[in-house]
Amino acid sequence: MQDIRLAIFDWDGTLMDSVGRIVACVQGAARDCELAVPAPAQIRQIIGLSLDVAMSRLFPLSSGSGSGSGSGSVFDERQIAALIDRYRHHYLHDATPSPLFAGAGELLHDWQSRGLQLAVATGKSRRGLDRVLDETGLRPLFVASRGADEARSKPDPLMLEQILDELELSPRQAVMIGDSVHDMAMAEAIAMPRIGVTWGVDSRDALSRYGPVAVVDSMAALRGLL
């Protein structure tokens, strides 16, 4: 990977140990909206997607919620909006810890100090991403970032294409690093090298189906690849 000039990171489950908090907040939103509460395994499958796509997959449109002239679809859109609103409320107030993974900060500082550019491509909204960048103090390390509300949801590669255009780089000059199959599929779509990490939501076997250059089990192993 000698020609890599840019490392693009997913956030939740890759740099930040926030999966437990996301699960708790989705379940809280479901309870608030008086809907069936999804199991943790179901919620883990949608982590990394934009909130509208994630909620639509977890809570499919109810064909019986209305009749005639599309009244059901209007109800369902409002339901998804209500779920997103309650999810954001819970995320602001939930006490489930969501620290950076051990060694993440050191890895970022090391790579940046050696001249590697860093970026973020995440399922978080811009508002949510800005909040965690400021809370962790990591904002100065990243030269570019994209949230889900600035592009199309993963696995569509638009956010990667936007970052590459901004920095005037080709897909082969960057590497995508993520914990989910959504990250791997997004990078595969534009032939960008990709590295899977196993400490987030998806298994080694699942990540390996997307042809990554490596799948690693520790931050130390990831740090040694570039």
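Reader: Why is Cys-33 called partly exposed?

Author: In this predicted model, Cys-33 has a relative accessibility of 22%. Buried means under 20% and exposed means over 50%, so Cys-33, at 22%, counts as partly exposed.

Reader: And what makes Cys-25 buried?

Author: Cys-25 has a relative accessible area of 0%. The label buried applies under 20%, so Cys-25 is buried.

Reader: How do you know that Cys-25 is in no disulfide?

Author: The nearest cysteine sulfur to that of Cys-25 belongs to Cys-33, and it is 13 Å away. A disulfide needs two cysteine sulfur atoms within 2.5 Å, so Cys-25 is in no disulfide. Cys-33 is in no disulfide either, with the sulfur of Cys-25 as its nearest, 13 Å away. A search of the whole structure likewise finds zero disulfides.

Reader: Thanks! On to the largest pocket: what is its volume, and which residues are closest to its centre?

Author: The volume is about 540 Å³. Of the 28 lining residues, Leu-51, Tyr-87, Arg-88, Lys-124 and Ser-125 are the closest to the centre.

Reader: Which elements give two or more residues to that lining?

Author: They are helix 1 (19-32), helix 3 (51-58), helix 4 (71-93) and helix 6 (126-136). Helix 4 gives the largest share, six residues.

Reader: How do the lining residues divide by kind?

Author: The lining of the largest pocket has 13 nonpolar, seven polar and eight charged residues. Tyr counts as nonpolar and Arg as charged, so Tyr-87 and Arg-88, both in the lining, fall into those two groups.

Methods:
Residues numbered from 1 in each chain as written. Predicted model: local features only at pLDDT ≥ 70, side-chain atom pairs only at ≥ 80, totals over all residues. Heavy atoms only, no water. 1 Å grid on protein atoms, 1.4 Å probe; cavity = no way out; pocket = protein on both sides within 12 Å on 5 of 7 lines; lining within 4 Å. Points joined across faces, edges and corners; volume = space filled by probe spheres on them. Helix = DSSP H or I, 4+ residues; strand = E, 2+ residues; numbered from the N terminus. Buried < 20%, exposed > 50% of the residue type's maximum accessible area, 1.4 Å probe, protein only.
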